[in-house]
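Subject: Structure handover

Hello,

Here is the structure I promised to pass on. Please open it first, then read my notes below.

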Amino acid sequence: MFPRKYGFFPYIWLIYIIMPIINIQNESGIKLIIGYMMIGLFLLTYRQLYFATGRSFAYWLGLQMLIISIMSGFYSFYNLYMGFYTANFIGWFTDKRKFKIAMTAFAAVELIPVVLLVKQMQIQEILFSIPFFLIMLVSPFGIRSMNRRHQLEKELDQANERIKELVKREERVRIARDLHDTLGHTLSLIILKSQLVEKMTTKDPQRAQNEAREIYQTSRAALKQVRELVSDMRAITVVEELAEIAEILKAANIKLEIDGDAKLEGVALLTQNIISLCIKEGVTNIVKHSQATHCQITITRTERKITVQIEDNGIGPVQQDDADIRYGNGLNGMCERLSLIEGSLSVASGARQGTIMTVTIPQIIKEREDGETA
């Protein structure tokens, strides 16, 4: 009946429609039937105003004010309190001019019957009614201000997202430019010298050896350039990623347990960045699909490899048949990232329940003084 984004709020307000129903119970005959019809039409305007936009919103709002005027003028003075519904919707106007017009019409609908009937009212009734009328006339300003703030927060979030995308795009452009400027010439030189070595192997072996030595030195220089580019890249460490996912799991009511040394001292930033992305993807899958209440991340480091195991107690992985586990886009993306550093990914069902995801990355075990790795 109402947009889902408003939750139960529109349904709760329907409780107050009981008041005008009670107010018309003293009537009878055709007047009572017309009263019920007016209340039914009022409910229709209430529902439509949650969906209407533009001119149709103004038309439904005007019809709602007309119904309030009729109900308060021909039935009961207390039907003016139906204006609380209208006051809420008037606050939805973002255009200042339209808001002023709606407020003027609303004030007329509420105050004219009061002026006409004030002589017939007792002093207690007047004193009782004044606070409610003041609240009705002031609440559209508060609601409009609150909606405006929510809109500004939404626009700020969108602007931040655009800034992040622009930063990412600028970073890609910078990396591409640096790769082209620093490695393009070097790699072209290696290709030319490799072709020359191939031709000179039989004709002039000595020159071929000299060229091969130059290729080796040029390759070393290119490797150094790549390392410099990678070191300049913006990367997130495993410790930083674990702090971020701890907040995500806390919000999802999933207990997190971390075993092992997450600092990974001496591990390259590129490797830590890829491990962090894999941890984030694994935890995202747990939050979205596992229905788990517990998550354990175990980090093990030896001389030859780094192993990260993410285990949950959820419903387990989706399987294609009795043996194979289906990989989605997220897991396939993890495999592609890990292939850049010769890493591997495996996903299996837990011993009792849940899923165990294991990321294994080989570790550089030796680095010589001249910078060459083995």
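A salt bridge here is a side-chain nitrogen of Lys or Arg within 4 Å of a carboxyl oxygen of Asp or Glu. Keep that cut-off in mind for what follows. Also note that this is a predicted model.

**Salt bridges**

Side chains of opposite charge can pair when their charged atoms come close. By the rule above, the count comes to five salt bridges.

Start with Glu211 and Arg207. Their side chains meet in a salt bridge, at 4.0 Å from N to O. Both residues sit in helix H8, which covers residues 205–232. They are four residues apart there, so about one helical turn separates them. Arg207 has 38% and is partly exposed.

Next come Glu153 and Arg149. Their side chains also form a salt bridge, with an N to O distance of 3.9 Å. The helix this time is H7, residues 123–203. Again the two are four residues apart, which means about one helical turn lies between them. Glu153 counts as partly exposed, at 41% relative accessibility. Arg149 is partly exposed as well, with 47%.

The next pair is Glu241 and Lys280. A salt bridge joins their side chains, at 4.0 Å from N to O. Glu241 lies in helix H9 (residues 238–251), while Lys280 lies in helix H10 (residues 269–290), so the pair ties together parts that are 39 residues apart in sequence. Glu241 is buried, with a relative accessible area of 1%. Lys280 is partly exposed, at 31% relative accessibility.

**Cysteines**

A disulfide is a covalent bond between the sulfur atoms of two cysteines. How many disulfides does a search of the whole structure find? The search finds zero.

Cys335 is partly exposed, with a relative accessible area of 28%. Cys295 is buried, at 0% relative accessibility.

**One asparagine**

Asn88 is found in helix H5, residues 83–90. Its relative accessibility is 12%, so Asn88 counts as buried, the cut-off being under 20%. What does Asn88 touch, leaving out residues up to four places away in sequence? Asn88 touches Tyr50 and Ile143.

**The whole protein**

Now the overall view. The protein has 374 residues, and 32% of them are buried. Its secondary structure comprises eleven helices and five strands. Take the contacts between residues at least 6 apart in sequence: 65% of these join residues at least 24 apart. The protein exposes about 24,000 Å². Carbon and sulfur atoms supply 58% of that area.

**Where to look**

For a quick tour, begin with Glu211 and Arg207 in helix H8. Then go to Glu241 in helix H9 and Lys280 in helix H10. End with Asn88 in helix H5.

Best wishes

Note on methods:
Residues are numbered from 1 along each chain as its sequence is written. This is a predicted model: local features need pLDDT of at least 70, side-chain atom pairs count only at pLDDT 80 or more; totals for chains, interfaces and linings use all residues. Side-chain values use heavy atoms; hydrogens and water are left out. Buried means under 20% relative accessible area, exposed over 50%, partly exposed in between (1.4 Å probe, protein chains only). Contact means heavy atoms within 4.5 Å. Accessible areas come from the Shrake-Rupley method with a 1.4 Å probe; for residues, only the protein chains shown count as cover. A disulfide is a pair of cysteine sulfur atoms within 2.5 Å.
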